[in-house]
Amino acid sequence: MAGPIFDSHAHYQSHQFDGDREALLQSLPAAGVAGVVECATDLATSKGALELAAAWPFVWAALGIHPESLIEEDASTNTQFSGDWKAELAAIAPLLAEKKAVAVGEIGLDYHWPIPKDAQLELFEAQIRLALELDKPVIVHDREAHGDTMDIIREFPAVTGVFHCFSGSPEMAAELLKRGWYIGFDGPVTYKNARRAPEVAAITPPERMLVETDSPYMAPVPVRGKRNDSRNLSYVLETLAAWKGMTPEALTAITWENGRRLFRIP
């Protein structure tokens with residue numbers, strides 16, 4: 001598929017890429033990938049995202065603290081800040097002034113894992129406030145927490161961004177679209193059991209769709225179960241385009257523009 005492809009969510013700092021990160025990133029432009037947003041999960045990966053963005057012209061950085069970092073032993077939230085996320089966020093804030101820092105993310109709520117709920121809610125709100133203060137979009141992680149996530153979004157009507165790997169209902173998507181949000185579609189749209197995704201795609205205008213890999217996770221069919229990377233977005237685009245009655249090329253071009261518009265990439 002001809003580019004330019006925009007991958008709005010990747011984690012190329014993952015240890016799964018330690019063996020061939022450089023070679024893989026080098027191969028992306030030839031595969032039509034012209035934009036990648038590297039998403040951080042703590043201070044260490046926020047700095048790493050900026051390093052990748054400095055090294056590769058097509059990479060941009062999202063900086064923030066993922067809810068899972070509150071309990072992950074090897075997250076800098078715990079190794080460097082002993083769980084004091086407020087101090088960690090204060091260290092991340094000035095990094096968002098960097099030219100290639102385009103969003104606050106990956107932030108949100110995750111009720112799948114036993115993470116203290118109050119801390120998650122407080123952290124999510126603090127990062128939305130920071131995004132508003134700095135006039136940046138946000139990249140939201142919402143896992144099994146739709147109600148509380150939407151309650152917080154309603155509290156801050158001025159904030160916009162993308163719901164990464166959207167797993168909510170069409171009704172929830174409709175409310176987000178009304179509020180100016182983008183919807184992120186990933187590998188799971190290609191899975192046989194994708195029931196909600198076609199319904200959500202049906203009500204989402206192409207101008208509000210973003211495609212993402214969440215590399216190295218959630219590889220699409222036919223490479224499901226393998227390590228994912230941005231070159232596999234063609235499978236996601238083909239599936240979405242078929243649902244929308246468009247050519248993959250047309251949807252690729254629109255999602256490229258969408259990524260550039262949301263993240264204000266020149």
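1. A quick definition before the tour: on a 1 Å grid over the protein atoms alone, a pocket is an open set of points where a 1.4 Å probe fits, with protein on both sides within 12 Å along at least five of seven lines, and its lining residues have an atom within 4 Å of a point. A volume is the space filled by probe spheres set on the points, which are joined across faces, edges and corners.

2. Bear in mind that this is a predicted model, where local features need pLDDT of at least 70 and side-chain atom pairs count only at pLDDT 80 or more, while totals for chains, interfaces and linings use all residues. Residues are numbered from 1 along each chain as its sequence is written, and side-chain values use heavy atoms, leaving out hydrogens and water.

3. Start with the largest pocket, which holds about 1,400 Å³ of space. Its lining has 45 residues, and His141, His164, Asp214, Tyr217 and Met218 lie nearest the centre. Two or more lining residues come from each of β2 (33–39), α2 (43–55), β4 (101–110), β5 (138–143), β7 (182–185) and α8 (196–203). Helices here are DSSP runs of H or I with at least four residues, strands are runs of E with at least two, and both are numbered from the N terminus.

4. What classes of residue make up the lining of the largest pocket? There are 15 nonpolar, 16 polar and 14 charged residues. Ala, Val, Leu, Ile, Met, Phe, Trp, Tyr, Cys and Pro count as nonpolar, Asp, Glu, Lys and Arg as charged, and the others, Gly among them, as polar.

5. The second largest pocket has a volume of about 160 Å³. Its lining includes Trp60, Lys99, Lys100, Phe263 and Arg264. By class, that lining has 6 nonpolar, no polar and 5 charged residues.

6. Now the helices: α6 (residues 146–155) and α7 (residues 170–178) pack at about 15 degrees with axes 12 Å apart; axes are lines fitted to C-alpha atoms over the stretch in contact, and angles run from 0 to 180 degrees between N-to-C directions. The two are therefore roughly parallel, a label for angles under 35 degrees. His146, Met150, Ile153 and Arg154 of α6 meet Met172, Glu175 and Leu176 of α7, where contact means heavy atoms within 4.5 Å. These residues divide into 4 nonpolar, 1 polar and 2 charged.

7. α7 also packs with α8, at about 30 degrees and with axes 9 Å apart, so α7 and α8 are roughly parallel too. Pro170, Ala173, Ala174 and Leu177 of α7 touch Glu199, Val200 and Ile203 of α8. That contact has 6 nonpolar, no polar and 1 charged residues.

Conventions
Angles under 35 degrees count as roughly parallel, over 145 as roughly antiparallel, 65 to 115 as roughly perpendicular and the rest as oblique.
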